[in-house]
Amino acid sequence: GSKDAWVPIGKLEDMPVGEPFPFSFTRTQVNGWERTATNYGGFVLRKSEDPNDILILSSRCTHLACQVNWHAETSSYVCPCHDAAFDIEGNVLDGPPPRPLDVYDEFQLDEAGNLLIHIKGG
């Protein structure tokens, strides 16, 4: 089975304040003969210079899990599947999503300045 893990998603110093910073990674799990790869992605929004003032959003649309993209010209995350739109903090602006974008609410900085998020196993 899978296990909980802290996964590095980038150096905090490389993430600009006030602008969504994209990240992605893949976790591979082996269960007997079965090998499963799961893709994760999202955006880090640093709200200020405070390293705790961070919002980390999943890039999966809450409608049918298509990948949303940040559009700076409209200041929104847009889903290409059904024209859903979310504001910079992940709240639904338009379209069929039933709720805001999911949040990675457990994060920490390591001693090297890397931002890590907690991924729950299951």
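Modeller: Cys81 counts as partly exposed, because its relative accessibility is 38%, and buried would require under 20%. The model is predicted, and this value is computed from it. Cys81 forms a disulfide with Cys66, and their sulfur atoms are 2.0 Å apart. The torsion about the S-S bond of Cys66 and Cys81 is about -100°, so this disulfide is left-handed. Cys66 lies in the loop between strand S4 (54-58) and S5, while Cys81 lies in the loop between S6 and strand S7 (85-86), so the pair ties together parts that are 15 residues apart in sequence. The count of disulfides comes to 1.

Cys61 is in no disulfide: the nearest cysteine sulfur belongs to Cys79 and is 4.0 Å away. Cys61 is buried, because its relative accessible area is 4%. Cys79 is likewise in no disulfide, with the sulfur of Cys61 as its nearest cysteine sulfur. Cys79 counts as buried, because its relative accessibility is 2%.

Now the strands. S5, S6, S7 and S8 form, in that order, an open sheet of 4 strands with antiparallel pairing. Its edge strands are S5 (69-71) and S8 (92-94), and each of these pairs on one side only. S5 runs antiparallel to strand S6 (residues 76-78), and 3 bridges join the two. Within this pairing, His71 stands opposite Ser76 in S6.

Definitions and conventions:
Residues are numbered from 1 along each chain as its sequence is written. This is a predicted model: local features need pLDDT of at least 70, side-chain atom pairs count only at pLDDT 80 or more; totals for chains, interfaces and linings use all residues. Side-chain values use heavy atoms; hydrogens and water are left out. Two strands pair if DSSP finds at least two bridges between them. A disulfide is a pair of cysteine sulfur atoms within 2.5 Å. Buried means under 20% relative accessible area, exposed over 50%, partly exposed in between (1.4 Å probe, protein chains only).
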